[in-house]
Amino acid sequence: MTASVNSAPRTGYASVNGLEMYYEVHGEGEPLVLLHGALSATGTSFGALLPQLSRSHQVISVEQQAHGHTADIDRPLTMPQMAKDTAALLAHLGVEQADIFGYSMGTGVAVELARHHPALIRRLVLASVSFNPSGLHPELLQNLSGLEPEHLIGTPWHEEYLRIAPRPEDFPVLVRKVTEMNARIPELTPEEFAEISAPTLIIIGDSDIIRPEHGVEMFRLLGGGVIGDLVGLPPSQLAILPGTPHSTLTQRADLLVPMIGSFLRTG
């Protein structure tokens with residue numbers, strides 16, 4: 001059944017791991033879970049994509065600790081904990097298996113889900129992903145370490161937070177916790193990343209925060225880099241979007257919607 005683009009989403013909060021975690025459910029069909037980027041929420045991460053994705057899927061967007069409508073609690077921000085929260089939320093919603101689409105920080109959460117809750121994932125879409133800090137441009141890590149709340153005043157992320165956060169005055173706390181999290185980005189070995197069993201679509205921009213070489217490395221680790229005409233296509237795929245930096249990658253609906261739709265329909 002195809003849902004109307006203008007249908008109001010079902011929204012709610014789930015009590016998971018001491019957190020009141022906000023979620024939205026759009027459309028009908030097979031479940032597709034959206035995992036947003038750092039300092040962001042559903043709107044700024046997926047606003048350009050969600051209306052079209054929800055035409056063919058039941059899209060479940062979640063907002064992690066201290067992000068969007070979900071209030072902060074007294075614990076650090078970590079991707080492993082966010083993955084546990086997300087798995088608990090899906091159990092609360094009765095979702096036994098879903099496609100997962102992570103962007104930026106959300107890819108780290110998605111990778112943790114793929115490693116520790118593999119039965120939960122049918123297919124995986126990772127937009128701007130790395131499995132250790134060496135996959136990022138070195139100057140990015142230097143810039144992230146000096147991030148201050150005033151650097152973000154007036155940005156879409158700040159304006160979204162002021163509009164929807166339960167405690168808008170907590171924005172400096174969010175920035176501090178994200179900065180601390182960025183100093184502890186999970187580091188996987190190539191062998192650990194290669195353990196991901198779900199078919200995976202890796203997406204990066206050609207001017208992304210991810211080094212292009214790292215995108216190719218991840219694709220090879222997941223079975224790519226072969227001559228498809230001779231041995232068949234691998235289950236995983238790689239896409240490098242032209243003329244695309246990190247900040248606007250998920251706004252490229254013209255490229256992403258048909259690409260993701262085709263990948264999710266495979267198999």
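A residue is called buried when its relative accessible area is under 20%, exposed when it is over 50%, and partly exposed in between, with a 1.4 Å probe and protein chains only. The model is predicted, so local features need pLDDT of at least 70 and side-chain atom pairs count only at pLDDT 80 or more, whereas totals for chains, interfaces and linings use all residues. Residues are numbered from 1 along each chain as its sequence is written, and side-chain values use heavy atoms, with hydrogens and water left out.

Thr-200 counts as buried because its relative accessibility is 0%, and this residue lies in strand β7 (residues 200-207), where strands (E, at least two residues) and helices (H or I, at least four) are DSSP runs numbered from the N terminus. The side chain of Thr-200 reaches the backbone oxygen of Ala-198 at 2.8 Å.

The table lists contacts, meaning heavy atoms within 4.5 Å.

| Residue | Contacts, leaving aside residues within four places in sequence |
|---|---|
| Thr-200 | Leu-124, Leu-126, Leu-222, Pro-235, Ser-236, Gln-237, Phe-263 |
| Leu-124 | Ile-100, Ala-110, Ala-114, Ile-196, Pro-199, Thr-200, Leu-201, Phe-263 |

A nonpolar core is a set of buried Ala, Val, Leu, Ile, Met, Phe, Trp, Tyr and Cys residues joined through side-chain atoms within 4.5 Å. The largest such core has 50 residues, and Leu-124 is among those with the most contacts inside it, together with Leu-35, Ile-100, Ile-121 and Leu-174. A second, separate core of 22 residues includes Leu-49, Phe-101, Ile-203 and Leu-256.

In helix α6 (residues 156-164), the buried residues are His-158, Glu-160, Tyr-161 and Ile-164. These residues lie on the same side of α6 because they cover an arc of only 165 degrees around the axis, taken from the directions from the helix axis to the C-beta atoms. Their cover includes α1 (42-46), β4 (57-63) and α7 (171-182).

Methods. Polar contact = N/O pair within 3.5 Å; in protein donor to acceptor, adjacent residues only side chain to side chain.
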